[in-house]
Amino acid sequence: MIMTISPEKGGQSPEAMAFRESLEMMLSGDPDGLFNLANDLQEAKKSALIEAAYELAIENRVQEAFLNYGNYLSDRSQKVAARAMWERAFKAGDERAAVLIAQQLAEDGDLNSAEIWYAKATNIHESALLHSRLKTNLGKHEEALAILQENSESNAEAAVELALHHRGLFPDGGIELLERHHAKGHLEVDIPLASLYERSGRIEEAIALLEESARTGEPNAPLNLGILLQQSGREAEGIRWIKRAAKAGDKEAKRALKSF
């Protein structure tokens, strides 16, 4: 358990210990804990209070506490302590922690250890693509491809990676694969699918798809639609969509407007 160390003695700081006692009083139903808590909040550092609360949550078997405490420690650049919490989260059955450990290891350059942890997160959506890319970086191209193929029907990100970078595996260049994901409502395939339509000369289908995607909330669709419309000779309509994207906060769209 990670604790704030006071200069007088080991363990939590006096402020954190007082805050913890107040929380325990509240949990036991003692209303005086509220009064004490108000005083504690005025005197203690925020970080000490957060750590004390997480530790108490862990002791009370709150399922998300390990993972979120690890995230908090990671945000404070306490990498070793964060990993310890994530490992405890994984032991408690949370595979999301394995992805976080793998990402940390990869950032530190320990790709082989990261590979082991990604393999433990097979039920986490984003793990497939990250695991495949790591395999590629390790030169294990066949294994990287196998991960994408295994997950391509259930995982839209894996499907996009497979369709865009391994088009030769598909008679239609991966279009039908992405169409199946689009039919399931996976908006993240829409722009790549529109790009495949465009490459195949199916411009009107690309435009129709981007229009649908823009109206259903895909944030990058308006700019892509505007650019494609311009390239197709529909200048005024394209500019309207680019202006819409800029109004929504798209920085690329704002830069594009300045060039007109």
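## Helix packing in a predicted model

Not counting residues up to four places away in sequence, Tyr197 touches Ile175, Glu179, Arg202, Ile203, Glu205, Ala206 and Leu209, where contact means heavy atoms within 4.5 Å. The model is predicted: local features need pLDDT of at least 70 and side-chain atom pairs count only at pLDDT 80 or more, while totals for chains, interfaces and linings use all residues. Residues are numbered from 1 along each chain as its sequence is written, and side-chain values use heavy atoms, with hydrogens and water left out.

The average pLDDT (the predictor's confidence in each residue, from 0 to 100) is 88, and 88% of the residues score at least 70. Residues 1-10 have a pLDDT below 50, and this stretch makes 25 contacts in the model beyond near neighbours in sequence. Where pLDDT is low, the predicted coordinates should not be read in detail.

Tyr197 also belongs to the largest nonpolar core, of 27 residues, where Leu178, Leu193, Tyr197, Leu210 and Leu225 touch the most other members. A nonpolar core is a set of buried Ala, Val, Leu, Ile, Met, Phe, Trp, Tyr and Cys residues joined through side-chain atoms within 4.5 Å. Two or more residues each come from helices H10 (156-165), H11 (175-183), H12 (190-199), H13 (203-215) and H14 (221-231). Helices (H or I, at least four residues) and strands (E, at least two) are DSSP runs numbered from the N terminus. H10 gives the most to this core, with 6 residues. A second, separate core has 25 residues, including Ala65, Leu73, Trp86 and Trp117.

Two helix pairs are set out below. Axes are lines fitted to C-alpha atoms, for helices over the stretch in contact, with angles from 0 to 180 degrees between N-to-C directions.

| Helices | Axes come within | Crossing angle |
|---|---|---|
| H10 and H12 | 10 Å | roughly 20° |
| H13 and H14 | 9 Å | roughly 150° |

The angle makes H13 roughly antiparallel to H14; H10 and H12 are therefore roughly parallel to each other. Angles under 35 degrees count as roughly parallel, over 145 as roughly antiparallel, 65 to 115 as roughly perpendicular and the rest as oblique. H13 passes H14 in a left-handed crossing, with the near helix turned anticlockwise from the far one by less than a right angle (clockwise would be right-handed). H13 contributes Ile203, Ala206, Ile207, Leu210, Glu211, Ser213 and Ala214 to the contact, and H14 contributes Ala221, Pro222, Asn224, Leu225, Leu228 and Leu229. The crossing of H10 and H12 is left-handed. Val160, Ala163 and Leu164 of H10 meet Pro192, Leu196 and Arg199 of H12.

Within H13, Ser213 counts as buried because its relative accessibility is 0%. Buried means under 20% relative accessible area, exposed over 50% and partly exposed in between (1.4 Å probe, protein chains only). Beyond neighbours within four places in sequence, Ser213 contacts Leu187, Asp190, Glu218 and Ala221.

In helix H8 (127-137) the buried residues are Ser127, Ala128, Leu129, His131, Ser132, Leu134 and Lys135. Their cover includes helices H6 (96-107), H7 (111-118) and H9 (141-151), together with H10. Gly139, which follows H8, has a positive phi near 80°.

Arg61 lies in the loop between helices H3 (46-59) and H4 (65-75) and is exposed, with a relative accessible area of 75%. Ser77 lies in the loop between H4 and helix H5 (79-91) and is exposed at 61%.
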